[in-house]
Amino acid sequence: MDAVRKQIVATTEGGAITGEERLREHTDQLYGSILSYEGKPGDYLIANIETLTRQLGDVTAEFEQVTTNDLPAVNEVLKAQGKEPLVVPPPKVASADDATGAGGRASAALLPANFRLLH
């Protein structure tokens, strides 16, 4: 699981100072680039979206493989030791219908339901 996590987020101690960038950081940079330009996203930004989407698919497949193949054996060991098994929560996708953000308060960062990126 740590190997999968390291593909998604920077894990080196020191946070932003280390310069380590993973999927999350690349997505953040792409999002900022698209938002900071008033025109249509350039071809390089669209290509970056496709690349990050493919990388996310690869990481998701690896995560599913770990939870399908390895997690049952880990849970058997935990049960044998009288401990609670690990459960993978269902994925939650944010939507404009979500009424609250972090901390239970209304979020100002919700996108309109009809928001779409144009090619």
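Visitor: What should I know before I start?

Guide: This is a predicted model, where local features need pLDDT of at least 70, side-chain atom pairs count only at pLDDT 80 or more, and totals for chains, interfaces and linings use all residues. Residues are numbered from 1 along each chain as its sequence is written, and side-chain values use heavy atoms, with hydrogens and water left out.

Visitor: How far apart are the end C-alpha atoms of helix α3?

Guide: Helices are DSSP runs (H or I, at least four residues), numbered from the N terminus. The expected span is 1.5 Å times one less than the number of residues. Helix α3, residues 43–69, has 27 residues and should therefore span 39 Å; its end C-alpha atoms are 39 Å apart, which agrees. As for α2, its 14 residues reach 20 Å, close to the 20 Å expected.

Visitor: Which residues are buried in α3?

Guide: Buried means under 20% relative accessible area, exposed over 50%, and partly exposed in between (1.4 Å probe, protein chains only). In α3, the buried ones are L45, I46, L52, V59, V66 and T67. They pack against α1 (2–8), α2 (23–36) and α4 (71–80). In α2, L23, E25, L30 and I34 are buried, and the buried residues there pack against α1 and α3.

Visitor: Where does P85 lie?

Guide: You'll find P85 in the segment after α4. Its relative accessible area is 30%, so P85 is partly exposed. Contact means heavy atoms within 4.5 Å. Leaving aside neighbours within four places in sequence, P85 is in contact with N75, L78 and K79. The C-alpha atoms of P85 and V74 are 8.0 Å apart, with the two residues 11 apart along the chain.

Technical notes
Helices (H or I, at least four residues) and strands (E, at least two) are DSSP runs, numbered from the N terminus.
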